[in-house]
Amino acid sequence: MYYYKKITAPIFKELHLVATEKGISHVFLTENEFEQFQANASIQPDDVGYTEEGVQQIAEYFSGSRKEFNLSIDLQKGTAFQREVWQALSEIPFGVTQSYQDVATLIGRPKAVRALGQANRNNPLPIVVPCHRVIGKDRRLTGYAGDKLAEKEQLLALEGITVVEGMIKEGQ
């Protein structure tokens with residue numbers, strides 16, 4: 001069983017946070033993504049508090065008082081490779097970016113850049129697992145949650161990273 005909470009958040013206006021009894025399992029950035037999930041899952045509004053800690057920590061992140069998440073997570077989906085990538089993404093510090101190549105090298109698979117990009121795209125916990133901190137090798141912003149480059153830029157700005165004409169400013 002999944003439980004959800006709709007929350008108001010800067011940048012995305014509304015997010016849907018989804019949890020199981022074990023922890024947070026999904027963060028949906030759009031209503032459409034949430035509706036697709038909802039059509040295929042046993043899900044109900046969270047009136048027992050499974051999403052409470054996630055709601056609080058996301059609010060703290062957007063207010064600037066939280067730099068890392070400390071949540072129980074329930075990743076039920078994803079291949080072993082995807083979970084390895086998501087773990088590596090979780091280790092990119094607040095206010096720091098890494099290229100897809102950097103992350104591929106970090107996990108010991110320097111030639112898996114494209115596969116890493118797909119794993120990044122399939123991240124079920126955007127913001128919490130900071131896939132927005134991954135950029136192109138040339139320091140250029142690349143895809144985020146489909147067509148949300150403006151939102152990616154805003155998340156990076158929230159973390160003190162300056163983007164000029166689609167590229168991360170040198171020294172950041």
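**Salt bridges, a helix and aromatic pairs**

The side chains of Arg-66 and Glu-60 come together in a salt bridge, with 2.8 Å from N to O. The term salt bridge is used here for a side-chain nitrogen of Lys or Arg within 4 Å of a carboxyl oxygen of Asp or Glu. Side chains of opposite charge can pair when their charged atoms come close. The model is a predicted one, in which local features need pLDDT of at least 70 and side-chain atom pairs count only at pLDDT 80 or more, while totals for chains, interfaces and linings use all residues. Residues are numbered from 1 along each chain as its sequence is written, and side-chain values use heavy atoms, leaving out hydrogens and water.

How exposed is the arginine of this bridge? Arg-66 has a relative accessibility of 19% and therefore counts as buried. On this scale, buried means under 20% relative accessible area, exposed means over 50%, and partly exposed lies in between (1.4 Å probe, protein chains only).

The structure contains 6 salt bridges. One of them joins the side chains of Lys-6 and Glu-31, at 3.7 Å from N to O. This pair links distant parts of the chain, since Lys-6 belongs to strand 1 (residues 2-9) and Glu-31 to helix 1 (residues 31-39), 25 residues apart. Helices (H or I, at least four residues) and strands (E, at least two) are DSSP runs, numbered from the N terminus. Both partners are partly exposed: Lys-6 has 42% relative accessibility, and Glu-31 has 35%. Salt bridges also link Lys-6, Glu-14 and Glu-31 in a network. A further bridge connects the side chains of Arg-140 and Asp-138, where N and O are 3.6 Å apart. Arg-140 is partly exposed at 36%, and Asp-138 is partly exposed too, at 44%.

Attention now turns to helix 6. Which residues of helix 6 (residues 149-158) are buried? They are Glu-151, Lys-152, Leu-155 and Leu-156. These residues lie on the same side of helix 6 because they cover an arc of only 140° around the axis, the arc being that of the directions from the helix axis to the C-beta atoms. Their cover includes helix 2 (52-63), strand 6 (134-135), strand 7 (163-164) and strand 8 (167-168), with contact meaning heavy atoms within 4.5 Å. Just after helix 6, Gly-160 adopts a positive phi of about 85°.

Aromatic rings are the last topic. The structure holds 8 aromatic pairs. In one of them, the ring centres of Tyr-3 and Tyr-50 are 4.7 Å apart and the planes are at 45°, so the pair is tilted. Tyr-3 sits in strand 1 and Tyr-50 in the loop between strand 4 (43-45) and helix 2, so the pair ties together parts that are 47 residues apart in sequence. Tyr-3 is buried, at 9% relative accessible area, whereas Tyr-50 is partly exposed, at 31%. Tyr-61 and Phe-94 make an edge-to-face pair, 6.3 Å centre to centre with 80° between the planes. Here too distant parts of the chain are linked: Tyr-61 is in helix 2 and Phe-94 in the loop between helix 3 (80-90) and strand 5 (98-99), 33 residues apart. At 1% relative accessibility, Tyr-61 counts as buried. For such pairs, rings of Phe, Tyr and Trp (its six-membered ring) must have centres within 6.5 Å; planes under 30 degrees apart count as stacked, over 60 as edge-to-face and the rest as tilted.
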